[in-house]
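Trainee: I am new to this structure. Could we go through it step by step?

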Amino acid sequence: MTGMASSFLRYTDDTGRQHELALDPAQQRFTIGRNVQADLVLGWDAEVSRLHAAVEHLGAHWTIVDDGLSRNGTFVNGERLIGRRRLSPGDRIRVGTTLVHFFDFGGVVDDATHTASGSIPTMRSLTETQRAVLIALCRPYKHGTGFATPASNQQIAEELFLSIDAIKTHLRALFAKFGVENLPQNQKRTRLAALAMQSGMISDHDL
């Protein structure tokens, strides 16, 4: 982990090793590119420009900016970035062929994240089956697919050889543990998957 940093970027290099870059508001601007002088150096990725994009601290939030610096563009959650965009916890940034995840456990909590703030359970508080259900729920997000949606009860049931009723029971328990049980029905699953991955409880390696 990155010491006491509450915001950081996490990425995997060409050898499969995971790295984290702590984001300190005191520095305000972190560059991403192939240039060895960039703060986040992606020298192995030929699709990345020498100076590709930058993550900047504005006001109380982290933003990402690509002012036409990159040859191949920068994508956030599958959408091409034009100019500047505010980053939200769990956002997936693609530069070249490399996927960079943004994590933020501090900062300002807005209405969208307030429901579940401070509600991330510990790994130990989940049963083995609950963790398996969580992994299956998040599996469509493997490789950072921008337009993925969480797995359906049917898909989870088939993967784990459990009944759909059993999956519903486990999901209800997970909704409660992650503090999302009061969200509208159509938002619960997406929010649960986002929180599980954003907190690092479920990693790409698990999927």
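Trainee: What does the accessible surface of the protein come to, and what share belongs to carbon and sulfur atoms?

Mentor: First, this is a predicted model, where local features need pLDDT of at least 70, side-chain atom pairs count only at pLDDT 80 or more, and totals for chains, interfaces and linings use all residues. Residues are numbered from 1 along each chain as its sequence is written, and side-chain values use heavy atoms, without hydrogens and water. Areas come from the Shrake-Rupley method with a 1.4 Å probe, and for residues only the protein chains shown count as cover. The surface is about 11,000 Å², and the share of carbon and sulfur atoms is 50%.

Trainee: How many helices and strands does the protein have?

Mentor: Both are DSSP runs, numbered from the N terminus: helices are H or I with at least four residues, strands are E with at least two. The secondary structure comes to 5 helices and 11 strands.

Trainee: What percentage of the 207 residues count as buried?

Mentor: Buried means under 20% relative accessible area, exposed over 50%, and partly exposed in between, with a 1.4 Å probe and protein chains only. By that cut-off, the buried share of the 207 residues is 42%.

Trainee: What arc do the buried residues of α4 cover?

Mentor: The buried residues in α4 are I167, L171, L174 and F175. The arc uses the directions from the helix axis to the C-beta atoms. These residues lie on the same side of α4 because their arc is only 100 degrees.

Trainee: Which exposed residues sit on the face of α4 turned away from its buried side?

Mentor: The buried residues have cover that includes α2, α3 and α5. The face turned away carries the exposed residues D165 and R172.

Trainee: Which residue follows α5 with a positive phi?

Mentor: In α5, the buried residues include L192, A196 and M197. After α5 comes a phi near 85 degrees, and the residue is G200.

Methods
Contact means heavy atoms within 4.5 Å.
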